[in-house]
Amino acid sequence: MSLLSLSNIDFSYNSSKRNIFSLDKINVQIEKDDFLSILGPNGSGKSTLIKLITGYLKPNSGEIILDGKNLNQYKPKDLAKKIAYVPQIPNTIYPFSVYEIVAMGRYPHLGISGFENEKDKEKIFEVVKLLELEHILEKGINEISGGETQRAFIARALVQEPQILLLDEPNAHLDIKHQLSIFNLLKKLNDQNGLTIITVMHDLNLAKYYSNRVLMLKEGKVFLLGTPDDVITKENILDVFDVNVDVQQSGMSETSSIFINPGYVTNV
Ligand code: ADP
Ligand code: MG
């Protein structure tokens, strides 16, 4: 049995406006050892799909089964021990410190006192170190850079100690070194700790390099689900993104890479 199974999911936003976006007949099975990248153009439904898996949005029809149980049968605290979510635009209006934001991720594990014990604090500091946040712990979450904010929210999700980590464009604000260090960390957690990763990505090469499976969405439908080499091809990128790319063997890596060139957009 798959760890997470989405069967025949239909969803549409409740809106009085015309042209309401919908996801149609989504069927995806996710296994425990998966590192799944979700790719697709802006507005193709990537964040919507992620929010359905968090339970924040509810499907109109179809079923989401997590570890043998329907997602809507989980109590919030139990669900938070299974799934952690790093939103696309992490923000908070309250001036919490970075430490407070990270520590919030412990809430499903706290006892009735509601306070962190030594084990909780150990976990928090272990993750803080992994994400290189030690030097900004006392700073306000609104007083740090976009990349630091993103790392703080990834830390918050990791201290939750989930089975599945959902990330929505986690590298959007990261410099190239931090992109690699975070994806290396995610890959290590995936390989060694059995953490299932589901991440929305825009970087086709990072998706190719780090994931074992890729889900490509087009206009609210699954265009293709398969291995990176099967999904991230010149033909599929042209069909889904309307961009002509080159796929070539690059000097440094074993796998082929995608090369983008400003002149390659087909119809702009
Ligand atoms: P992606 O993450 O792939 O860029 P989204 O899943 O965020 O796309 O959005 C898919 C479509 O749904 C977009 O056209 C967007 O405008 C629309 N949408 C997103 N959130 C809402 C909402 N709360 N109400 C109505 N429409 C929405
Ligand atoms: Mg999005």
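Visitor: Which atoms count as donors of a metal here?

Guide: Donors are N, O and S atoms within 2.8 Å of the metal, and since water is not among the atoms, sites may look incomplete. Keep in mind, too, that this is a predicted model.

Visitor: Then what are the protein donors of the magnesium ion (ligand 2)?

Guide: They are S47, through OG, and Q88, through OE1, at 2.1 to 2.4 Å from the ion. S47 belongs to helix 1 (residues 46-54), while Q88 sits in the loop between strand 6 (83-86) and helix 3 (98-104), so the pair ties together parts that are 41 residues apart in sequence.

Visitor: Is S47 buried or exposed?

Guide: S47 is buried, at 17% relative accessible area, whereas Q88 is partly exposed, at 29%.

Visitor: Let's turn to charges. How many salt bridges does a search of the whole structure find?

Guide: The general idea is that side chains of opposite charge can pair when their charged atoms come close. In this structure the search finds ten salt bridges. One of them joins D10 and K25, with 2.8 Å from N to O. D10 lies in strand 1 (residues 4-12) and K25 in strand 2 (residues 22-30), so this pair links parts 15 residues apart in sequence. D10 is buried, at 16%, and K25 is partly exposed, at 48%.

Visitor: Which helices hold D229 and K208?

Guide: D229 is in helix 8 (residues 228-231) and K208 in helix 7 (residues 204-210). Their side chains meet in a salt bridge of 3.0 Å, N to O. D229 is exposed, at 51% relative accessibility, but K208 is buried, at 7%.

How values were computed
Residues numbered from 1 in each chain as written. Chains lettered and ligands numbered in written order. Predicted model: local features only at pLDDT ≥ 70, side-chain atom pairs only at ≥ 80, totals over all residues. Heavy atoms only, no water. Donors = N, O, S within 2.8 Å, 3.2 Å for Na, K, Ca; no water. Helix = DSSP H or I, 4+ residues; strand = E, 2+ residues; numbered from the N terminus. Buried < 20%, exposed > 50% of the residue type's maximum accessible area, 1.4 Å probe, protein only. Salt bridge = Lys/Arg side-chain N within 4 Å of Asp/Glu carboxyl O.
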